[in-house]
Amino acid sequence: MRVGRITTTGAAALAACAVLGMVPAAAQASSAAVPAWTQQAPATSPPTRIEASMAYDAANSTVVLFGGEHSGGYLKGTWTWNGTTWTQHHPATSPPPRANASMAYDAATGTVVLFGGDRTGRHFNDTWTWNGTTWTQQHPATSPPVLTSASMAYDAATGTAVLFGGFGGSARPRRVRNQTWTWDGTTWTRQHPAASPSARDAASMVYDAATGTVVLFGGNTNKPNGHLADTWTWDGTTWTQQSPATSPPASDMGVMAYDAATSTAVLLPGGTSETWTWG
């Protein structure tokens, strides 16, 4: 437990307030826990990896981790974090090893959805769902093309998972895409909005509950100086480019999450130590 140091003057003030049966607001604030990073020491942990996929599984109150890459090898292990330790799962079925897959929790079906990704010499366009016990490969009537590093977020306003961008194929220069797809728990549907962000991969995307829209920022065109700094919102029908007075730096591979306590989306642009909020 962290204990704050009280000066003599401060102690006298607190004693006086105690006599009156009250504590000053400043003292109440100082007694509150200060948010901080804490390194955990779980009994078990996943092996070292990069470019893995992770999402919070609200149905099972765990964080789900899948795949990734380490020293040129591609992984397929499934791990869950329960707030105390990691547990490796050995489901009857599992997606093939890969990195850079898109993953999000689908509240409408209570499952985690995984799409695409890549490993050496292969790119994927398969769809898998995790129910807390096993993975099930889905066989939708339609699917997006093979995609790596596409952005995906659950759109609570429409009850669908939204997938945007990514690149497909192994040819260089890689072909980035600007297609928008939605997953309704059964199949993928390609959307044809009146307006759309330009083709890109590795953009940051999250659902903004305050506005009921999906927010997308940045990404990479995979061309020289191809980092982007534009902001777009998806309302379930079309994309709208926003024109904020200030904007994060052009970047890709950033991380973004919605902070319900402040009703803002929090962004850490890739390659920087900056923190930005939207809302």
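The legends below describe the whole chain and two close-up views of a predicted model.

**Figure 1. Overview of the protein chain.** The chain contains 2 helices and 23 strands (DSSP runs numbered from the N terminus: helices are H or I of at least four residues, strands are E of at least two). Of its 279 residues, 43% are buried (under 20% relative accessible area with a 1.4 Å probe, protein chains only; exposed is over 50%, partly exposed in between). Among contacts (heavy atoms within 4.5 Å) with a separation of 6 or more, 43% link residues 24 or more positions apart. Carbon and sulfur atoms hold 55% of the accessible surface of about 14,800 Å² (Shrake-Rupley method, 1.4 Å probe).

**Figure 2. Surroundings of N100.** N100 sits in the loop between β6 (86–89) and β7 (102–106). N100 counts as buried because its relative accessibility is 17%. Its side chain makes a polar contact of 3.0 Å with the side chain of D118 (a pair of N or O atoms within 3.5 Å; within protein, one must be able to donate a hydrogen and the other to accept it, and residues adjacent in sequence count only if both atoms are side-chain atoms). Leaving aside residues up to four places away in sequence, N100 touches E51, G117, D118, T148 and S149.

**Figure 3. Position of A41.** The loop between α2 (25–31) and β1 (53–57) carries A41. With 75% relative accessibility, A41 counts as exposed. A41 and T85 are 44 residues apart along the chain, and their C-alpha atoms are separated by 7.9 Å.

**Notes.** Residues are numbered from 1 along each chain as its sequence is written, and side-chain values use heavy atoms, without hydrogens and water. Local features need pLDDT of at least 70 and side-chain atom pairs count only at pLDDT 80 or more, whereas totals for chains, interfaces and linings use all residues.
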